[in-house]
Protein chains: 2
Amino acid sequence: MSEFAIGVDLGGTSLRVAVVDDRGTLLEKVTLSTKVLRGPERVVNAMCDAIGVLQTKYNSNGKFLGIGVGVPGIIDLGTGVLRESPNLPGWHDYPVLQEIEHRLGTRVILENDANVGAMGEYWLGAGRGFDSMFMYTLGTGIGGGIVLEGAIWHGMTGMAGEPGHTTIEPDGPPCACGNRGCLEQFAGANGVLRMAKDAIASGDAAKLKRAIEGGEELTPKLVYKLATEGDKACRAIYQKAGEALGISIASMINVLNLPIFVIGGGVAGAWEAFSPFIFDQVRKRSFVYNATAPPAPERIAPRCTHITHALLGADSGLYGAARLPMLPEEQEAHSPKARVNSRAL
Amino acid sequence: MSEFAIGVDLGGTSLRVAVVDDRGTLLEKVTLSTKVLRGPERVVNAMCDAIGVLQTKYNSNGKFLGIGVGVPGIIDLGTGVLRESPNLPGWHDYPVLQEIEHRLGTRVILENDANVGAMGEYWLGAGRGFDSMFMYTLGTGIGGGIVLEGAIWHGMTGMAGEPGHTTIEPDGPPCACGNRGCLEQFAGANGVLRMAKDAIASGDAAKLKRAIEGGEELTPKLVYKLATEGDKACRAIYQKAGEALGISIASMINVLNLPIFVIGGGVAGAWEAFSPFIFDQVRKRSFVYNATAPPAPERIAPRCTHITHALLGADSGLYGAARLPMLPEEQEAHSPKARVNSRAL
């Protein structure tokens, strides 16, 4: 008899709850609209109802291992409070962990959505079989998750894994985070759209301009479509995105020497348009990449640095959330600790 | 009765062997010139003789825990072979671990010199009491060492911790590693000298030029001396060094969210001249730094990101090497592994 866990992926538009067994088989998935439910109370009620129904239904299938929940935004891991979430307005400072645990009467593992996405890819996707992994998630902005020797790396306060705000061009365009020239300004949906608007404004992207004037919506997908059709301006946008990613990944390889870097999120669908420029930059900028004998892209070999796209799509977070209660406690996460000795306090 | 270990710091000019007890007290230190000894065989013989004498001498003092050796250059951690070492010509592909263990008849822990330096600062210096630490070592180039939850982070092949070759300016000056605009081009002795030469050549550093024409040697120390005397050109050089370090550290804070970053190595002696610009850049470029409520420099507080200078000077590597055999095996190091599953091989 197999063991199973429940994973929850709480997003700005939908709430998904899944039953996953310990071999990674998705037994059932429930999808609810968070938009319709409005407000944290109703969403958490609906989430807990769904969890309860599924737990009862699968109880006879095997040992129930627990519940993992992925939440977008900044979580205070010590208290389980959702500090800020651009995708969940109205959830500011909401004690999400406490509210869920109170309703269910059991312990729940709360985790940032980029981290559960990374854990999903690490378990069943592109990172499968590797010891450690760094995932870049190209969404509206750029998130990330780092898995070191099987466990999510949280850092001191749970804010680790933000490659979107590493500096690529010190004098580059301003970013909402306060910095200039962040990776997020070049890759991720907002970065692609910023560059597309700049190209239209400077008169360099006639075809893109015509498409928009013809009624098409300016999206990374439209830019990608024109790029694959050979449009020079749109190709240059994805070239820049790939180069910026390559600069960031090259630095991370030199610092962390990890075996695999995975690019996920919606914009990663344009992999063909930007990935050659990642490899160009990494070869030029990372002597550790070159010293670890990079294989041809997509080939897997030991002692090589792999750079590839995610495999699980939108389900990575659901699998990753379900994985958390399956891990031994010491592997669940490198816990945030701020241990400081007494000498200078 | 206390326990003790022997630490060895093998450098390009000197070989130092020390007896350190488990509370971090240096009981005895022997210094030999590696220049005079010439060649790996003689150096390893002298090293092992010194280790043997010290081990016998302190045997009655307590339990002997083992031997740690710090070596400059790239070590193949799987085999213990010193691949390349700019500071130890003639040691190319020398099986240093095997040769030492053969002579001593016991297990020895071999480690890169930047990593043992980081371990020393983590144990007894600036990193004392913190859970994790990132050390930048400003020597001729820039090395580094990362300690995560008590253990050195090696990465897949032992090449982790090379912040000197992270990209600061994508179109910046070429670096010997093949990249352009590496941190090493702006901070570290070579970076400071490169900028000093550029300033002299462009006519911007009249005072520095006069000093050299008057017979002084162009060193980072001379540039620092003139900077502290108020010379604008020399101050600008250390400003640039600090800014480049700040850009790199800001990115590392956003990715790793570590509680402390330590700047060591010879050039760190110019801390007063460059450190204000590190803090300027980090405040501008790292929202994680700002979110973790940075304390005033030099103050220690929990849940803050600390950036400070090293405390142990040249002895950090000696203490760090001696520390290695004291650690429980699982803490000794995050071992280099290249575990890859069978699905795609």
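A: **A loop proline and its surroundings**

Leaving out residues up to four places away in sequence, B:P325 touches B:A5, B:L65, B:G66, B:I67, B:G68 and B:I109; two residues are in contact if their C-beta atoms, placed from the backbone, lie within 7 Å. The model is a predicted one, in which local features need pLDDT of at least 70 and side-chain atom pairs count only at pLDDT 80 or more, whereas totals for chains, interfaces and linings use all residues. Residues are numbered from 1 along each chain as its sequence is written, and chains are lettered from A and ligands numbered from 1 in the order in which they are written.

B:P325 lies in the loop between helix 11 (316-323) and helix 12 (329-332) of chain B. Helices (H or I, at least four residues) and strands (E, at least two) are DSSP runs, numbered from the N terminus. B:P325 has 20 C-beta neighbours inside 10 Å and therefore counts as buried. The criterion is 20 or more other C-beta atoms within 10 Å of a residue's own for buried, 12 or fewer for exposed, and partly exposed in between, with C-beta atoms placed from the backbone. B:R107 is 218 residues from B:P325 in sequence, yet their C-alpha atoms are 9.8 Å apart.

Two other loop residues of chain B have a positive phi. B:D93, in the loop between strand 6 (81-84) and helix 3 (96-104) of chain B, has a phi near 60 degrees and is not a glycine. With 10 other C-beta atoms within 10 Å, B:D93 is exposed. B:N257, placed between helix 8 (232-256) and strand 11 (260-264) of chain B, is likewise a residue other than glycine and has a phi near 50 degrees. B:N257 has 26 C-beta neighbours inside 10 Å and so counts as buried. As background, most residues other than glycine have a negative phi.

Helix 4 (residues 113-124) of chain B has twelve residues and reaches 16 Å from first to last C-alpha, close to the 16 Å expected at 1.5 Å a residue; the expected span is 1.5 Å times one less than the number of residues. Twelve of the twelve residues of helix 4 of chain B are buried, among them B:D113, B:E121, B:Y122 and B:W123.

Helix 5 (residues 188-201) of chain B crosses helix 8 of chain B at roughly 140 degrees, their axes coming within 10 Å. Axes are lines fitted to C-alpha atoms, for helices over the stretch in contact, and angles run from 0 to 180 degrees between N-to-C directions. Helix 5 of chain B is therefore oblique to helix 8 of chain B: angles under 35 degrees count as roughly parallel, over 145 as roughly antiparallel, 65 to 115 as roughly perpendicular and the rest as oblique. The contact joins B:G191, B:V192, B:M195, B:A196 and B:A199 of helix 5 to B:A233, B:I237, B:K240 and B:A241 of helix 8 of chain B.

Buried residues account for 55% of the 345 residues in chain A. The C-alpha trace of chain A spans about 60 × 50 × 50 Å along its principal axes.

In chain A, the 14 residues of helix 5 (residues 188-201) should span 20 Å at 1.5 Å a residue, and the end C-alpha atoms are 20 Å apart, which agrees. Its buried residues are A:G188, A:A189, A:N190, A:G191, A:V192, A:M195, A:A196 and A:A199. The elements covering them include strand 8 (133-138), strand 9 (142-148), helix 6 (206-213), helix 7 (220-228) and helix 8 (232-256) of chain A. Just after helix 5 of chain A, A:G203 adopts a positive phi of about 80 degrees.

Helix 8 of chain A packs against helix 9 (residues 271-285) of chain A at about 40 degrees, with axes 7 Å apart. These two helices of chain A are therefore oblique to each other. Helix 8 of chain A also holds A:A250, which counts as buried with 25 C-beta neighbours inside 10 Å. Apart from neighbours within four places in sequence, A:A250 is in contact with A:Q281, A:V282, A:R285, A:S286, A:Y289 and B:T167.
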